[in-house]
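The following paragraphs lead through a protein model, beginning with a sheet and passing on to aromatic contacts and a pocket. Please keep the structure in view while reading.

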Amino acid sequence: MKEKASAQERYRLALAKGPSAKIIKATGRNLEQFQVSVNVAPTANATFELVYEELLKRQLGKYELMLKVQPQQLVKHLQIDIHIFEPQGISSLDTEIAFMTKDLADALTTTQNKTKAHIVFKPSLAQQQKEPGKLDTILDGNFIVHYDVNRTAVAGDIQIENGYFVHHFAPRELPLLPKNVVFVIDKSGSMAGRKIKKTKEALLKVLDDLKPEDHFSLVAFSGRVTQWKPVLLQASEEHLESAKTFLSNTQALGATNINEAILLAVRMLDESDSRKQLPSGSVSMVILLTDGDPTEGETKLQKIQENVKATVAGRYHLYCLGFGFDVNYAFLEKLALDNGGVARRIYEDSDADLQLQDFYQEVANPLLTMVEFQYPDNAVELLTQDSFRVFFKGSELVVAGKLTPQAPDLLSAQVRGQSNTQNINFQTEVNVVNKEKVFEDSEYISHSFMERLWAYLTIQQLLEKAVSASGTAQQSLKGRALDLSLNFSFVTPLTCMVVNQPNDQGQRQLAMKSMETVSDQGELKMEQPMRPGRTKFRRRKIISQEPDELRSMLAPLEDVSPGTSTPLSAGITTPPIPVPLEESLKSMERAPHFILSLFLRKKQKEILCVDVKGSPFRPLSLISDPVQGIEVKGHYKDFLDTFSWLQVSYKTPEVQVYVNQDSIIVIRGRGQHEKSTSYQWQKTFSLGFSGLKIITENRALRLIAPKKVTIGLVSLSHLIPGLHLFLQNTVHFSEKVSGILGQFYRHLYCNSLEDDKMTLTTMGKTYTITRKPMLDFQNGERSNPMPTLLCWSLEQSL
């Protein structure tokens, strides 16, 4: 385990010497993935053993253990054993298996007694097969175990091992506190389509879950901020129906004024409180949902954070939900942590509405406020966080610490809190020796587990405090977190793991976490793992106010990607040629947003590479062909110079394909008959419909239909990650085709200016295009480095 800065510098030096060094890191939903590669001789056996530790977090009344079962092949001997040991006693236990079928039922067995459980999943080869005689496996998805423990001690359970203790607190049968909540909803243009639809669906269900004693209101914002009512109202049936009508009529259009929206929500809470309309002892909160950066009103991130913190003044809780990966998550995280809340990313998958509902359920039922843990001064030291502003039903508060050498044989603890307007005091006392005996069996716990759990919580809380701190205080917090990370060998945002391959098979590899950070000036820094032939990049967004719109510009610091030195003919792909680092840094070949097959001079087939530039507020119409029954839309993010999503819609068959950087969603039918299925880019799959075939391989998806244009969608994970599109068989476009890309297939005229430059005229617009080499992504990530093609390049301003 090394400090990230020093390890990266070693890696940079190793990379300059040869191409074999690499950093291994991938993240996704419920996934932190590291890859290590070794060479295995023919017919030899290799055993891979992974050991890791995870703190199971109690949410909605249960602990969850998730295993990803994705062997991608039939496995002769496949077995999952899950052993659970809980000294308090197991109160509930169930499994949720995404790929479970009737044929797999007898492959799963569960045995359980008071404190222990054993789950075994052992499918035979025949049970793993999708179809008899086929090699495709049915095992592809999440294997989830949910369980909870008995909670007889109202003051919680204390576990002790090797001089350290962990106190778990989740009292039962407390009355719910009423809550006051303002939902602040982003309705800017970037929320159009699936995002606003899923948001409405989720909030309609959330409104139904409000209790009669709760008070609520709605704020919707784009460039302008609108409110359902000027104050919070009780969740009566009449008020809920009125709020649902307001929500249903909300349309996504315009810019993003986050600052004014949050400040208005806080003023509404203030106004309702000053009128004595809110119940005494209630919990007040603002829940913000947004998908982008502020572009209207106050746009400096640091200034927004200062405004909100000063206005909230520690009286309310602010929860920030970031929709997708275009959002500045680091900005939202600091905004939430500064104001007694948390931030959460909502993934742009088909279940986005369920993610929103699940988060709301986590904060929907407050039980206690101003919770404090107290222990004898001479008994404990090095405590983790021991005071909490609010405790919610179904969650758990965890405090860890070290026992002092002079600690008594009996460790006492008090937990104090407020329920409504009453002070509540919970007390417990445990025998230290007896508690340590519980974990003497090494079968269920590794030595020093409690100490490592203490370190894990401490590091996590130090990093959270560092988000809200600045200057020397922030550096001090990070320094303490770094020391603990190195001492206990944790991969954190400050460290990375150096992986040495056995028998000198290759150079060192690094595994690290990616980070999103915001500087003191409010600029977003994307610090990502470095890859061969690529330098770490930092882009800065500058926002200036113009009379009618906001435009975003990028500093001229671009990503550098590998290139080739062989001249190419137009439209011809070359085999990949590895390039030394020094040469690749000089190369400027890059992957364009779009690759179009055209017929230009004398009906000669040419390749047009199109890039868009600008800052649109709404999704772009790329292609619309009413005769073909095809429509293609996309949302461009100028800050990252890529598309955050692309969507292809077919009239016949009635199919939509929606993609973002992480996933592919295929939607069949409309309205009540709509069905959607989500897939991952790294999978190879084929789908067949009447008149349409979808093939995905190497992160490239092709939509193939007879006598129709072939549309390709590609998600690149290396080089500069992003979404791309290509078109083939374009002779099938009709004369009524339109759109940013469709216009190039209607009455196109060209005029040569010189050997490598000419003009294109279509639909009254003239463009100058230049011949240059660019990376050819049409086969996805089949080869690395990526081949190049010589094409006509066009940059189109939006």
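**A sheet, its rings and a pocket**

Four strands make up an open sheet in the order β5-β6-β11-β8, and their pairing is antiparallel. Strands here are DSSP runs of E with at least two residues and helices are runs of H or I with at least four, both numbered from the N terminus; two strands pair if DSSP finds at least two bridges between them. Between β5 and β6 the antiparallel pairing extends over two bridges, and Q59 has K62 in β6 as its bridge partner.

The model is a predicted one, in which local features require pLDDT of at least 70 and side-chain atom pairs count only at pLDDT 80 or more, whereas totals for chains, interfaces and linings use all residues. Residues are numbered from 1 along each chain as its sequence is written, and side-chain values use heavy atoms, with hydrogens and water left out.

A pair of aromatic rings is described by the distance of the centres and the angle of the planes. Across the whole structure, 22 aromatic pairs are found. The criterion is that rings of Phe, Tyr and Trp (its six-membered ring) have centres within 6.5 Å; planes under 30 degrees apart count as stacked, over 60 as edge-to-face and the rest as tilted. The pair of Y63 and Y147 is tilted, because the ring centres are 5.4 Å apart and the planes stand at 35°. Since Y63 belongs to strand β6 (residues 62-69) and Y147 to strand β11 (residues 141-149), this pair ties together parts that are 84 residues apart in sequence. Y63 counts as buried at 7% relative accessibility, and Y147 is buried with a relative accessible area of 7%; buried means under 20% relative accessible area, exposed over 50%, and partly exposed in between (1.4 Å probe, protein chains only).

Why is the pair of F85 and F439 edge-to-face? The ring centres are 6.3 Å apart and the planes lie at 75°, so the pair falls in that class. F85 is in strand β7 (residues 80-85) and F439 in the loop between α9 (432-438) and α10 (449-468), so parts 354 residues apart in sequence are tied together. F85 is partly exposed, at a relative accessible area of 21%, while F439 is buried at 13%.

The ring of F85 also has the charged end of K116 over it, 5.8 Å from its centre. Such a contact requires NZ of Lys or CZ of Arg within 6 Å of the ring centre and within 35 degrees of the ring normal. R345 likewise lies over the face of Y329, 4.8 Å from the ring centre. Elsewhere, one aromatic cluster is formed by F169, F373, F388, F391 and F426.

V390 is found in strand β23 (residues 387-392) and counts as buried at 12% relative accessibility. V390 and V363, 27 residues apart in sequence, are 9.5 Å apart in space, C-alpha to C-alpha.

The second largest pocket holds about 580 Å³ of space. A pocket is an open set of points on a 1 Å grid over the protein atoms alone, where a 1.4 Å probe fits, with protein on both sides within 12 Å along at least five of seven lines; lining residues have an atom within 4 Å of a point. Its volume is the space filled by probe spheres set on the points, which are joined across faces, edges and corners. Of its 24 lining residues, G193, R194, K197, Q647 and Q656 are the closest to the centre. The largest share of the lining, five residues, comes from α3.
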